[in-house]
Structure formats: structure tokens, C-alpha cells
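Here are some notes for a colleague who is opening this structure for the first time. Please keep the sequence and the model side by side while reading.

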Amino acid sequence: MVLGIESSCDETGAGIVQGGRLLAHVVASSMDEHARFGGVVPEIAARAHLHAFDPVVRRALDRAGLRPGDLDAVAVTTGPGLSGALQVGLAGAKALAYALGVPLYGVHHLAGHVAADTLEHGPLPDPCVVLIVSGGHTSLLLVRDLVREPILHLGDTLDDAAGECFDKVARVFGLPYPGGPAIDRAARGGDPAAVAFPRPLRAAGGRDAHAFSFSGLKTAAARWAEEHRRRGGALPVADGAASLQEAVADVLTRKAVAACREYGVRTLVVVGGVAANSRVRELAQRRCASAGIELRVPPLTLCTDNGAMIAAVGDLLVRSGAEPAPFDVTVDPSAPLAYAALHPVAA
């Protein structure tokens, strides 16, 4: 019975997993507190985690019908993320594990996103290609045994992540924060072919064949909006949002399917906050079906940050016989993704 704690950004999450089965998960978001600033404020996020930690854990235990003494292990995000936010989650998880006398496991945040899919679709195929798309990360990975073997990076973003592009362009378009959901909503009434936005690195070869770049697309969208406003015309936000969304979805899904073909992999797993985008899901489904590739995408509630995904990794680590974290485990806000377990200690 594993409790998972997530506090890397603006969501405080607690989830409970046993034997690959999700028993409960609760998320408290401080997004509304950040919205008036147009982005996440680290100090506000850390304070929000302090206030939410106990209530979120208690609600997760209540929903699972458990008492704290029923827990066998605690897993917590130790990186990457906002330093202060991570510290709050780790301190709370350490206190729980120490008080209950159970092992503690440090988990890489991105490995949690990968494991989220197992809570809906069962064990990951060996091998599978994983596309992680979120506000801060865009990566193509080759995954075999998630908790026993190193994770191979096929390609990463060279600059902005896909979700970061959505957030920044949404602000230029006058849409609210967070930008991803706002772009998705606005795009429903627009024409995805209205604006010929670029497809960065779509046909790149060599070492950039599986890499991503969204900075140029962000700039192109900003210049398009500025030109409309300079001419004094009303900005066709719906068309701009639909065209931007189409460009992002096109690049993401095209590269992901190409990676599956190149490595002879028959399963593509799409995870992270941008996996909730309706056009990304739709285009991935169509292209995977055409290529004979199985597509796995977690439910919307498990795409964004949550404690269930961290509990899922913890559960896999416990069942694999992995060593728990040492008591002096700390956080690594910029940790690269190499393994699912992340147990950094102070030098």
C-alpha cells in the first residue's frame, strides 16, 4: 500500500496505489492564485503546498478507506520542479515515513507521468515509445522496464516545451492562464488551416530527427498577432488558436510515430499535461491507427500533475525490490531523467 506525494509545481497531490491498482487520489491546485500573475509564482506555490499537504493526504486516505498505519511505503517527487515546492512535499513525506516506520522512495517527476498510464492500461509494453508533453518538458523516450533499466532519450526540446509555447502565445492572444486549456477551448471555433504557422524541425534529420523546438513557432504566432493589431483589425483568436494547436499537434505526433517506426516499437504512450489537448489526442489516434501502432493515453485526470502517478512509481519500485531512499535524501530541481528512482543527497 503506497502513498504518493506530488508537489513539484502548483498542484499538491496525494495518491494511493496497491499492486498497480489506484485506490484514491486527491489534488489541490493553487492555479487560481497564480492566474493573476500570468504564471506560477514559486513562493506562492510553496505556501500553498504547506496549507494543502495535510488535508490532501487525509482526503486520499479517507477515500481509500484507510488509516495511516495501513500504509507500507511513501513515495515523493524529489525533482525536477520548483525548489521550494519540492522541499515542502519531501519534508512532509519524510515526516510521514519516519512516523509510520515505513520506507521512503524518491521519484523522478517525469517517470511519474510515464507510470500514470499503467493505472489505466496496465503494465507498459517492453519496449514502448513515450512522448512526454507538458508545460516544462517535451521528450521522446524509449522505455523498457521503467524502474529497472535506464530510460533512453531519443529526443528532447531544444528550447521551449510545447506547453510553454501554449502558455506564452495564449498571453499574446489575450487568453487566460493556463494557456493550454485556453488555446484548446478557443480553437474549437477556429480554422486550423487559417494561418500557415511553421512546423519546427518537422523534417529534421541526424541528431535532431527526434528533437523538438517551439521557440520559433511561439515567435511566429506573436508576430502574427502583432501585425493584426498594428493594422487595427480585430484579432481572429479562434483561427490563431486552432492554427497554433494544429502546428504543435502535427510536429508532436509526426515525430512520435516516426520514432516508433524507426525503433520497431508497436506502442506509443502519450503523457503529461499537453496530452489532455483534444487535437493532440485526436491526431495521435489517427496517425497511430494508420501506422498500426497501439496508442495509450491516460485519462484526463491523470495527465496533469498528481500524486497517483508518483504512487504508481513507488508501487513498482517496492515490487521490484528497489532500495529505498536514504534518510538524507534531498531534492534536485533540475534532475535529468535517467532512472525512475531519484535519491539525490546533499554533497
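Does Asp126 count as buried or exposed?

1. In this predicted model, Asp126 has a relative accessibility of 52% and therefore counts as exposed, since the cut-off for that class is over 50%. Its side chain meets that of Arg144 in a salt bridge, with an N to O distance of 3.8 Å. Asp126 lies in the loop between helix H5 (118-121) and strand S6 (128-133), while Arg144 lies in the loop between strand S7 (138-143) and strand S8 (152-156), so the pair ties together parts that are 18 residues apart in sequence. Arg144 is partly exposed, at a relative accessible area of 38%.

2. In helix H8 (residues 215-230), Glu227 and Arg230 are three residues apart, about one turn of the helix, and their side chains meet at 2.5 Å, N to O; Glu227 is partly exposed at 31%, whereas Arg230 is exposed at 61%. In helix H10, Glu282 and Arg279 are likewise three residues apart, with their side chains meeting at 3.3 Å, N to O; here Glu282 is partly exposed at 49%, whereas Arg279 is buried at 14%.

3. A network of salt bridges links Arg199, Arg202, Asp250, Arg254 and Arg287.

4. Helix H7 (residues 179-187) is mostly covered, with seven of its nine residues buried, including Ile183 and Asp184. The buried residues of helix H7 pack against helix H6 (162-173), helix H9 (237-263) and helix H10 (278-291).

How values were computed. Residues are numbered from 1 along each chain as its sequence is written. This is a predicted model: local features need pLDDT of at least 70, side-chain atom pairs count only at pLDDT 80 or more; totals for chains, interfaces and linings use all residues. Side-chain values use heavy atoms; hydrogens and water are left out. Buried means under 20% relative accessible area, exposed over 50%, partly exposed in between (1.4 Å probe, protein chains only). Helices (H or I, at least four residues) and strands (E, at least two) are DSSP runs, numbered from the N terminus. Contact means heavy atoms within 4.5 Å. A salt bridge is a side-chain nitrogen of Lys or Arg within 4 Å of a carboxyl oxygen of Asp or Glu.
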